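This report describes a protein chain from its fold down to single residues. The sequence and structure come first, and the description follows.

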Amino acid sequence: MLKILSTIITWCLAMHKSLLLSTVSLFAALFFIVTEFTPGIPLYGLSAKSKIQVSIVLIPIYGLVLGPYLGALSTFLGVVLATLYPKPASSVFSYMNIFSPTIGTLIVGIVSESFLAKKTITVIKTTIIFFIGMVSLWLILPVGRIAFPFILFHIFSFILIILYFLFYEKYDYLKNTVFKAAILSLSGIITDHFIGSFNGLLFFSYIVGMKTKTLARIYISAIPFIVIERTIMIMLATIFTASVIKLIPKSLYIRNK
């Protein structure tokens, strides 16, 4: 009897691992397809070849449905595939930016814990630690200090996220599906952009060798374009994420398996 029970448990674990592997592969392939076969937005002022991919609107959905770790893994594999196909990218910057949407998905997964597991305090602490860490890293670099106005949009976004969760339990209207989708989209897409922008500082300062003031001017001049572009991306992601929240029961989220 024990042997039969052991066999059943082993089979179930194998099936579970197989399901997770299949799910990660499927979502990674989806991220790759959207990245590869949809037009990107040119990166203002820095590189004609580098583009902001429309696939970032999938970040909040991956973090919500798959959770922080499976979601980040799926995103990571999808971006790696897009970076290597049809031939490996020639720019170091492309490889650096593999981690931008990956960490964005991770943050969304953590933020979504407040909605699914009522871990609001943990979410606030994590958001604050990440926010302070990213701002500190930005200000360590000379060009980052000069281009400080560039991250005011990001700072405002993180403060908005923190304020949302501080008042989340007090006001029922904040628990509306659209608000939840907007916060998830904001946290993922702003994180992705913050890390990508930081990577840009490192790459163009220390690998390309661009002068500090020149690079800072480019970043500052890009602020209006960045605000418009990210706002549009956040709105699109909010629509898609709200649809997922409405149409897919929580019981079907892979993170619950």
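## Basis and overall fold

Helices (H or I, at least four residues) and strands (E, at least two) are DSSP runs, numbered from the N terminus. The model is predicted: local features need pLDDT of at least 70, side-chain atom pairs count only at pLDDT 80 or more, and totals for chains, interfaces and linings use all residues. Residues are numbered from 1 along each chain as its sequence is written, and side-chain values use heavy atoms, with hydrogens and water left out.

The protein has eleven helices and two strands, in the order α-β-β-α-α-α-α-α-α-α-α-α-α along the sequence. Of its 257 residues, 46% are buried; buried means under 20% relative accessible area, exposed over 50%, and partly exposed in between (1.4 Å probe, protein chains only). Contact here means heavy atoms within 4.5 Å. Among contacts between residues at least 6 apart in sequence, 76% join residues at least 24 apart.

## Packing of H8 and H9

The axes of H8 and H9 come within 10 Å and cross at roughly 145°. Axes are lines fitted to C-alpha atoms, for helices over the stretch in contact, and angles run from 0 to 180 degrees between N-to-C directions. The crossing of H8 and H9 is left-handed, a term used if the near helix is turned anticlockwise from the far one by less than a right angle, with right-handed used if clockwise. On the H8 side the contact is made by Phe-153, His-154, Ser-157, Phe-158, Leu-160, Ile-161, Tyr-164 and Phe-165. H9 contributes Phe-179, Lys-180, Ile-183, Leu-186, Ser-187, Ile-190, Thr-191, His-193 and Phe-194.

His-193 belongs to helix H9 and is buried, at 7% relative accessibility. Apart from neighbours within four places in sequence, His-193 is in contact with Phe-150, His-154, Ile-226 and Arg-230.

## Aromatic pairs

Rings of Phe, Tyr and Trp (its six-membered ring) pair if their centres lie within 6.5 Å; planes under 30 degrees apart count as stacked, over 60 as edge-to-face and the rest as tilted. This rule gives 24 aromatic pairs. One of them joins Phe-150 and Tyr-219, edge-to-face, with 4.8 Å centre to centre and 70° between the planes. Phe-150 lies in the loop between helix H7 (142-146) and helix H8 (152-167), and Tyr-219 in helix H10 (residues 212-221), so the pair ties together parts that are 69 residues apart in sequence. Phe-150 is buried, with a relative accessible area of 5%, and Tyr-219 is buried with a relative accessible area of 5%.

The ring centres of Phe-158 and Phe-194 are 6.3 Å apart and their planes are at 40°, so this pair is tilted. It links distant parts of the chain, with Phe-158 in helix H8 and Phe-194 in helix H9 (residues 177-207), 36 residues apart. Phe-158 is buried at a relative accessible area of 1%, and Phe-194 is buried at 0%. One aromatic cluster is formed by Phe-130, Phe-131, Trp-138, Phe-150, Phe-158, Phe-194 and Tyr-219.

## Nonpolar core

A nonpolar core is a set of buried Ala, Val, Leu, Ile, Met, Phe, Trp, Tyr and Cys residues joined through side-chain atoms within 4.5 Å. The largest one has 63 residues, and Trp-138 and Phe-165 touch the most other members. H9 gives the most to this core, with eleven residues. Not counting residues up to four places away in sequence, Phe-165 touches Val-111, Ser-114, Phe-115, Thr-120, Val-123, Ile-124 and Ile-183.

Leu-141 is in the loop between helix H6 (120-140) and H7 and is buried, with a relative accessible area of 8%. Leu-141 and Leu-201 are 60 residues apart in sequence, and their C-alpha atoms are 8.1 Å apart in space. Beyond residues up to four places away in sequence, Leu-141 touches Phe-198, Leu-201, Leu-202 and Tyr-206.

Ile-232, in helix H11 (residues 223-247), is partly exposed, with a relative accessible area of 46%. Its C-alpha atom is separated by 10.0 Å from that of Val-57, 175 residues apart along the chain.

Most peptide bonds are trans. The bond from Tyr-85 to Pro-86 is cis, with omega near -5°. Pro-86 lies in the loop between helix H2 (59-84) and helix H3 (92-96).
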